[in-house]
Amino acid sequence: QPAPGWLQHLTRGTLPALAHSSSSRHAAAAPAASMRPDHFEGFRFDMTKPVSPKFMLSHSLSMVNDEHLTQGNQIVKTPSSQYELGANVIDSRLLLIGRVDSQGALSARGKYDFTDRLSAKFQAQLVGEPDMSQTMFDFDYRGGDFQTQLKVGNNSFYGWNYIQSVTPRTALGGEIFWLGQQRKSGVGLAGRHESPAGHVATCQVATTRLLSMSYWHKVSDKVYLSADFMWNWGQREAQAALGYDYMLNTGRVRGKIDSSGIMSMFLEERFTQGLNLVLSAVVDHSKNNHKFGMGLTVGE
């Protein structure tokens, strides 16, 4: 049995249960971020320029509105802008990505494959505010029909997860974590099943009093429908959402509506090779708030 997808991806629908199957990977790629696209407000311009076959530079300029909540629970927006410079190093076994913005925040992530089965990853976010910087190291091992991961982060964070294919289309797993600085721990169980038609159902429950379920329905190779449900029985809160993902000839449109009345849409349209238009819209009826964004992406 092929190795299943990582446990933390099970409820996101981002990885197929059959990680080594190219057909399954393609089937799950379309709805990968259908429920969680990168919504933004204002204008965004991104450009990527290759310097060599293994090195690229990126430039990003954004002009957005920052939201502030007043004492009367009213949303006030103030304009702001930000520039970000990035560098990418891509090799057969090594991946390094770094970003620094005009406010001095630095982010970096990387991955190195020691073998086809063993790899290491890191993520770091360094900011000027005290106790807000974060680092995380992951060590991944992929077996024939299982995957396991060890996580180590700042604030004395330790985690481990294991996921096992029990049938060619069903995977079950669990995870544990310990946050030493806050002296908190947790245990989670998860499962994922993919039907022969490409439909995907996932479920995860954790001792942090969270239950999460999702379902992806493949209508065709270009159309997916999705449903999410999350219940926090500790805070007595629940939320459900319905979404769609439609692949156009030269673009992609994704949308969602949730039980709190928030509607969103995200459109990506390719004009020519290396030139893309991005439109983002979010309407929150309950708070009488809306966000609209337009972006241009230059380069691959």
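# Salt bridges, a surface patch and some backbone details

Colleague: What is the relative accessible area of Lys54?

Modeller: Lys54 has 47%, which makes it partly exposed. Buried means under 20% relative accessible area and exposed over 50%, with partly exposed in between (1.4 Å probe, protein chains only). This is a predicted model, where local features need pLDDT of at least 70 and side-chain atom pairs pLDDT 80 or more, while totals for chains, interfaces and linings use all residues. Numbering starts from 1 along each chain as its sequence is written, and side-chain values use heavy atoms, without hydrogens and water.

Colleague: Which residue forms a salt bridge with Lys54?

Modeller: Asp91 does, and the closest N and O atoms of the pair are 3.3 Å apart. A salt bridge here is a side-chain nitrogen of Lys or Arg within 4 Å of a carboxyl oxygen of Asp or Glu.

Colleague: And where do Lys54 and Asp91 lie?

Modeller: Lys54 is in the loop between strand S1 (42-52) and strand S2 (55-69), and Asp91 is in the loop between strand S3 (75-90) and strand S4 (94-101), so their contact ties together parts that are 37 residues apart in sequence. Strands are DSSP runs (E, at least two residues), numbered from the N terminus. Asp91 is also partly exposed, with a relative accessible area of 37%.

Colleague: How many salt bridges does the count come to?

Modeller: The count is 12. Another one of them joins Arg252 and Asp245, with 2.6 Å from N to O.

Colleague: Is that pair, Arg252 and Asp245, buried or exposed?

Modeller: Arg252 is buried, and Asp245 is buried too.

Colleague: New topic. Which residues make the nonpolar surface patch?

Modeller: The patch is made by Leu61, Met63, Tyr83, Leu85, Val100, Leu106 and Leu126. Patch residues have over 30% relative accessible area and no salt bridge; nonpolar side chains (Val, Leu, Ile, Met, Phe, Trp, Tyr) are joined within 5 Å, like charges within 9 Å.

Colleague: Which strands each supply at least two residues of the patch?

Modeller: S2 and S3 do.

Colleague: And where is Leu126?

Modeller: Leu126 is in strand S6, which covers residues 118-126. Its relative accessibility is 40%, so Leu126 counts as partly exposed.

Colleague: On to the backbone. Which residue has a positive phi of about 55 degrees although it is not a glycine?

Modeller: That is Ser156. The loop between strand S8 (146-153) and strand S9 (157-167) holds Ser156. Ser156 is partly exposed, with a relative accessible area of 36%.

Colleague: What is the phi of Asn288?

Modeller: Asn288 also isn't a glycine, and its phi is positive, about 50 degrees. Asn288 sits in the loop between S18 and strand S19 (289-298).

Colleague: Is Asn288 buried or exposed?

Modeller: Asn288 is exposed, with a relative accessible area of 73%.

Colleague: Next, distances along the fold. How many Å separate the C-alpha atoms of Gly243 and Leu225?

Modeller: The separation is 5.8 Å, although Gly243 and Leu225 are 18 residues apart along the chain. Gly243 belongs to strand S15, residues 237-247. With a relative accessible area of 8%, Gly243 is buried.

Colleague: What about Gly274 and Thr297?

Modeller: Gly274 and Thr297 are 23 residues apart along the chain, and their C-alpha atoms are separated by 7.5 Å. Gly274 lies in the loop between S17 and S18. Gly274 counts as buried, at 12% relative accessibility.

Colleague: Last pair. How many residues apart along the chain are Asp145 and Pro168?

Modeller: They are 23 residues apart, with 9.1 Å between the C-alpha atoms of Asp145 and Pro168.

Colleague: Where does Asp145 lie?

Modeller: Asp145 is in the loop between strand S7 (134-142) and S8. Asp145 has a relative accessible area of 26%, which makes it partly exposed.

Conventions:
Helix = DSSP H or I, 4+ residues; strand = E, 2+ residues; numbered from the N terminus. Areas by Shrake-Rupley, 256 points an atom, 1.4 Å probe, with all protein chains shown as cover.
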